Amino acid sequence: MRWPKLRELGEAVTSVVRGPYTARFPAEPTPLPARIRGRPAYHADGCIGCGACAQVCPAGAIELRNEGCDTATPMRRLVLHYDICVFCGECERCCATGEGITLSNEYELSGRSRAEMVETVEKELVVCELCGAPVATRDHLLWIHRRLGSLAYANATVYLAAQEALGLRDTAERDDRRIDRTDIQRILCPACRRTVTLLDEWGPLG
Ligand code: SF4
Ligand code: SF4
């Protein structure tokens with residue numbers, strides 16, 4: 001029993017000389033480890049609104065909302081609830097651009113209500129010109145177009161979105177006629193693209 005007591009005494013004397021081992025939080029900020037994983041933060045310029053982060057989030061902390069699809073200004077909102085987040089870093093690791101979301105070193109997270117503990121990014125949404133279903137965000141389609149280069153011309157939805165961004169496309173409203181092969185040259189969701197392609201290949205069914 002004698003030696004442990006002497007060791008404790010030695011440690012006490014060392015502490016008096018060196019100062020306490022514990023941090024003086026909250027009087028002083030706690031020194032942070034270099035790779036701390038704090039609150040995730042969106043970067044609107046790097047994010048294309050693809051929604052991959054929402055799909056991989058194991059805690060279900062990222063909500064993807066497609067809003068106003070039947071209005072002139074459809075929007076996609078990604079709402080990150082950091083009161084649900086477990087700071088695993090999967091959203092950052094799987095981000096399509098690698099620049100859309102990163103974990104900050106902010107760790108002192110408290111609020112008066114859950115409603116205020118959110119981080120949101122908004123993107124213009126492109127909808128199907130036949131059925132109005134959400135297709136992708138404008139930034140996502142333009143990002144695909146840039147990455148594919150000339151190969152993008154194999155996909156009408158992608159190159160038409162790029163032409164629209166350059167002001168090279170007449171976006172006049174479609175009249176109420178039946179679907180026909182000219183609809184190939186439209187921005188379409190996968191289901192309508194399939195319908196129009198089959199119609200073009202096989203003619204009207206029935
Ligand atoms: S850090 Fe993990 S839990 Fe938090 S939003 Fe990203 S993927 Fe979800
Ligand atoms: S670009 Fe990254 S941060 Fe933005 S929606 Fe896609 S995966 Fe999430």
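**Figure 1. Buried positions of helix H4.** Arg138, Asp139, His140, Leu141, Ile144 and His145 of H4 are buried (20 or more other C-beta atoms within 10 Å of the residue's own; exposed means 12 or fewer, partly exposed in between, with C-beta atoms placed from the backbone). This is a predicted model, in which local features need pLDDT of at least 70 and side-chain atom pairs count only at pLDDT 80 or more, while totals for chains, interfaces and linings use all residues. Residues are numbered from 1 along each chain as its sequence is written, and chains are lettered from A and ligands numbered from 1 in the order in which they are written. Helices (H or I, at least four residues) and strands (E, at least two) are DSSP runs, numbered from the N terminus. The cover over the buried residues of H4 includes S5, S6 and H5; contact here means C-beta atoms, placed from the backbone, within 7 Å.

**Figure 2. Helix H5 and its packing partners.** H5 spans residues 156–165, and Thr157, Val158, Tyr159, Leu160 and Ala161 in this helix are buried. The buried residues of H5 pack against S5, S6 and H4.

**Figure 3. The four-stranded open sheet.** The strands lie in the order S2-S3-S5-S6 with antiparallel pairing (a pair needs at least two DSSP bridges). Strand S2 (62–67) and strand S6 (134–137) are the edges; each has a single partner strand, so one side of each has no neighbour in the sheet. On average, neighbouring strands of this sheet are turned by 35° against each other, direction ignored. Axes are lines fitted to C-alpha atoms, for helices over the stretch in contact, and angles run from 0 to 180 degrees between N-to-C directions.

Figure 4. S5 and S6 form a hairpin with six residues between them, and Gly132 in the turn has a positive phi of about 85°. The two strands run antiparallel and are joined by three bridges. Leu125 has Thr137 in S6 as its bridge partner. Helix H4 (residues 138–148) packs on the sheet and touches S5 and S6, and its direction makes about 70° with that of S6.

**Figure 5. Gly149 after helix H4.** Gly149 follows H4 and has a positive phi, near 60°. It sits in the loop between H4 and H5. Gly149 is exposed, with 8 other C-beta atoms within 10 Å. From Gly149 to Cys94 the separation is 55 residues in sequence and 23 Å in space, C-alpha to C-alpha.

Figure 6. Most residues other than glycine have a negative phi, and most peptide bonds are trans. The peptide bond from Phe25 to Pro26 is cis, with omega near 5°. Pro26 is in the loop between helix H1 (2–18) and strand S1 (40–42). Phe87 is not a glycine, yet its phi is positive, about 60°. The loop that holds Phe87 runs between strand S3 (75–81) and helix H3 (90–94). Phe87 is partly exposed, with 16 other C-beta atoms within 10 Å.

Figure 7. Ligand 1 is surrounded by 13 residues, the closest being Cys57, Cys85, Cys88, Glu90 and Cys91 (a residue is near a molecule if its C-beta atom, placed from the backbone, lies within 6 Å of it). This shell has eleven nonpolar, one polar and one charged residues. Ala, Val, Leu, Ile, Met, Phe, Trp, Tyr, Cys and Pro count as nonpolar, Asp, Glu, Lys and Arg as charged, and the others, Gly among them, as polar. Around ligand 2 there are 13 residues, with Cys47, Cys50, Cys53, Cys95 and Gly100 the closest. The shell of ligand 2 comprises nine nonpolar, four polar and no charged residues.

Figure 8. The protein chain is divided into domain 1 (36–125) and domain 2 (128–206), with bounds from an automatic or database domain assignment. The domain centres, taken over C-alpha atoms, are 28 Å apart. Eleven residues from domain 1 and seven residues from domain 2 make the contact. On the domain 1 side, strand S5 (residues 118–127) gives the largest share, three residues. That side of domain 1 has four nonpolar, three polar and four charged residues.

Notes. Two residues are in contact if their C-beta atoms, placed from the backbone, lie within 7 Å.
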